[in-house]
Amino acid sequence: MPAFRQVGEKQLPNPILYMAWSPKRDLIALANTAGELLLHRLANFQRVWSLPPNENTGKEITSLAWRPDGKILAFSVGDVKQVVLCDAEKAEILHMFPVQYPASCMHWMEVQDDSSTLSSFSESEDESSRFLPKLPTLPKKFPFVCVCVFSYSTTSKIFSEEKSDEVTTLLGDVRLNILVVGGPSGFVELYAYGLYKIATLGGISGTCRSLGLSSDLKSLSVITEIRSTEDNPEIHYIQLDTGLLSSCLPELTKMARKFTHISTLLQYLRLSLTCMCEAWEEILTQMDLRLTKFVQEKNTSTQVQDEFLELLLWGHASPELQALLMNQLTVKGLKMLGQSIDSSYSSIQKLVISHLQSGSEALLYHLSEVKGMALWKQKFQPLGLDPLVIEDAIVAVGSFTLKASELLQVIDKSMKNFKAFFRWLYVAMLRMSEDHVPSELNKMTQKDLAFVADFLSEHFSANEELFDRKGKYFNVERVGQYLKDEDEDLVSPPNMEGNQWVTFVKQSIHLKDSPLLFPTYPQKSLHFVKRMMEGTIDLCLQKPAEVIGRSVKQAVCLKLYAVPESSENTQRLFELPSLWNDKKAGMHYVVFCMPEISPSKIYILRRATDPSRSVPNGLVALNISSPLSSSISSIDDEVPASNSVDSMYGCLDACFYDDETLTVILRSLEDDENKMRVLVQLPLNSALCWEEEFSWDLMLRLEQQTKGIPVQVLTWGSQSRDLENIKAQFVVVNGIRKVACLLSANLRHVRVFEMDAEEEEEEEERADESQEMSLHQDRLEDTLTNQSDTGEGGDAGGGAEGSQVTGQGSGGILDDTAVSDSL
């Protein structure tokens with residue numbers, strides 16, 4: 001009876017480049033050559049959702065990584081150089097950040113530390129909810145806009161609709177988790193919670209092909225590929241000492257959570273400002289454009305201000321002004337314009353009060369706490385927290401808050417002036433058209449006339465400087481200038497001459513240059529002050545990453561082997577070496593093969609996660625030549641007698657199933673025609689207890705000194721299964737869910753097994769009864785395959801998906817050209 005129970009199979013239309021099992025759920029993520037991200041469930045390999053490529057996320061997925069709790073999936077996109085965090089439940093983009101190079105590999109690790117110190121730090125972190133009100137949600141009509149201007153920006157999904165507390169989902173549990181991103185030119189960065197960059201590493205040579213951060217944060221294992229002009233690329237193993245992260249784990253956790261809150265609050269303010277810009281409708285600029293055209297076309301030398309003042313005082317309008325009011329604006333249009341301005345101003349005012357001010361208060365709170373942390377130099381100074389830089393960030397947030405308050409005053413004054421101006425102009429236009437004027441509108445007080453006169457004097461002036469810069473003589477709408485993302489000064493800055501506080505500060509010797517007062521920047525827009533605030537806070541966020549990155553040193557560099565020319569074009573994610581972290585033993589494991597040197601051996605290298613701790617017997621070779629009669633159970637009774645002798649097997653792919661088991665795909669080295677594949681579980685208990693010591697010459701590659709490597713012979717008993725009708729080449733496993741997924745050499749054929757279960761006897765009997773029918777069907781499919789070889793080619797035409805097959809003991813699986821069910 002064959003080991004392992006087959007639970008699903010699929011023929012996919014596009015080649016699969018990357019596969020990753022969820023660490024907690026029965027889900028597997030697939031990325032294909034079309035740029036799609038697919039999520040499938042274990043049962044019958046059923047598809048849960050697909051995320052097609054788009055302009056924001058890019059089209060070239062280069063690596064995958066699951067958050068340890070299985071709730072968020074990270075994928076890197078090479079063409080846009082970004083890392084994207086996706087909600088595993090709904091396929092929603094939660095966060096994305098740019099990287100310097102296209103990420104070639106990623107690893108997401110959860111810290112294992114149960115110390116009481118870390119627990120006390122974590123409990124005190126959530127006290128902000130006791131002092132800060134919950135941020136109001138952004139309007140539901142606000143569209144999904146992915147903004148990546150800021151290095152730590154978060155998409156609008158964080159705060160849109162009912163998800164104003166989505167940051168808690170992104171942070172996950174209190175326990176720290178770190179996303180490690182690697183790429184070409186030795187590019188390696190560490191992101192706490194997948195959001196905040198805590199380290200940028202240097203001193204690494206080559207392109208990163210695999211990463212493994214130990215759960216105790218003491219070291220980072222890196223597999224790099226170093227290319228030279230003379231020889232083939234070399235594979236190196238590098239261990240980096242990350243002891244600072246381990247020794248400062250409680251402080252690192254608190255700092256990372258604080259800075260994550262700060263970065264998401266910045267995005268909240270940015271999106272609130274975008275909502276304000278949408279509320280400021282383009283109709284507000286129509287009067288500016290029409291009056292500008294009126295000035296340019298009118299024949300008289302009279303100023304626009306004088307034209308309106310004459311209409312206000314005497315009730316007479318020039319022909320040009322009358323034509324402008326009656327033909328271009330019209331009575332109905334003026335009424336609609338007034339309603340639109342009132343609605344827009346009210347919306348902007350609410351957004352400033354409820355969103356900008358509340359978000360700024362939360363920012364000031366968190367930055368003040370970070371400043372307190374920075375002043376505790378014994379604990380936080382090694383992590384790079386600088387009190388002076390944080391103080392500058394607090395001042396910048398204060399200036400932003402003052403600019404928001406200034407905008408509120410401008411809105412309040414503009415609303416009063418606009419209402420009085422539109423009411424008067426509406427009555428004047430009714431009189432021009434000889435319509436009836438309602439009695440409640442016909443009455444104007446002296447205060448109303450003063451409002452209108454102030455409006456005309458402030459907004460209608462023949463300022464040659466304004467005309468040269470903006471192409472018009474005036475700016476009727478003053479709120480919009482605060483919302484324009486421009487570096488130029490405001491066209492109509494607020495008049496501070498009568499402000500008693502401004503006068504008092506200027507006359508005071510002690511307050512004039514006091515650091516206790518936030519600068520106001522009266523000539524700049526709200527957007528300009530916002531960008532300045534972001535740049536200052538960006539320095540706070542980047543400083544720890546630089547300091548921590550400089551503290552990471554290389555502990556060891558081992559040259560493994562030169563990349564064979566035959567594997568130059570192999571997908572790097574699937575190709576060995578494979579990394580594994582044994583959390584209980586505190587060990588890094590590296591699994592690799594050297595097929596051109598020792599085709600029937602698998603090599604296991606182990607290093608202690610603590611670089612200062614030496615590990616005896618750190619390298620062993622596993623000889624996988626084994627007698628089939630004692631090690632491999634046959635799938636059926638028709639096993640040839642020749643299979644009872646010793647056979648040679650080579651390893652195609654291998655990965656750790658758990659701390660004591662290695663899952664491998666073997667290929668017979670003797671049967672050149674069939675090239676039989678075998679899925680095997682190798683127990684490593686005895687193999688990892690060798691006594692021989694290998695003396696490693698660090699100047700030479702391992703492949704140049706293989707004679708002294710100790711060799712262990714393994715037999716795998718019944719934990720194996722012959723693989724029929726699939727040219728299995730790659731495997732990914734999940735020891736927690738006890739599943740394995742095989743991928744064929746043409747990257748289109750997928751087969752899934754449950755590794756702790758065997759085929760049911762009833763299913764085997766049914767398979768025997770249908771064996772003849774399956775053989776007949778295989779012959780028909782072979783005919784179809786031969787006809788379609790001129791199309792797709794490869795491992796039997798991967799343009800269509802195959803039927804899902806579960807529990808087929810006979811191995812009668814449809815070929816790659818079988819009629820498919822759609823994805």
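Visitor: How many disulfides does the count come to?
Guide: This is a predicted model. A disulfide requires two cysteine sulfur atoms within 2.5 Å. For C277, the closest cysteine sulfur, in C275, lies 9.3 Å away, which is too far for a bond. C655 is likewise in no disulfide, with the sulfur of C651, its nearest, at 9.5 Å, and by this rule the count is zero.

Visitor: Is C655 buried or exposed?
Guide: Buried means under 20% relative accessible area. The relative accessible area of C655 is 11%, so C655 is buried.

Visitor: How many residues of strand β11 are buried?
Guide: Strand β11 covers residues 177-182. N177, L179 and V181 point one way, while I178, V180 and G182 point the other way, and all are buried.

Visitor: Which residue of β12 is the bridge partner of V181?
Guide: β11 pairs with strand β10 in the antiparallel sense over six bridges, and there V181 is the partner of M106. Five bridges join β11 to β12, also antiparallel. In β12, the partner of V181 is E189.

Visitor: Which residue in the turn between β11 and β12 has a positive phi?
Guide: The two strands form a hairpin with five residues between them. A positive phi of about 60° belongs to S185.

Conventions. Residues numbered from 1 in each chain as written. Predicted model: local features only at pLDDT ≥ 70, side-chain atom pairs only at ≥ 80, totals over all residues. Heavy atoms only, no water. Buried < 20%, exposed > 50% of the residue type's maximum accessible area, 1.4 Å probe, protein only. Helix = DSSP H or I, 4+ residues; strand = E, 2+ residues; numbered from the N terminus. Pairing = 2+ DSSP bridges.
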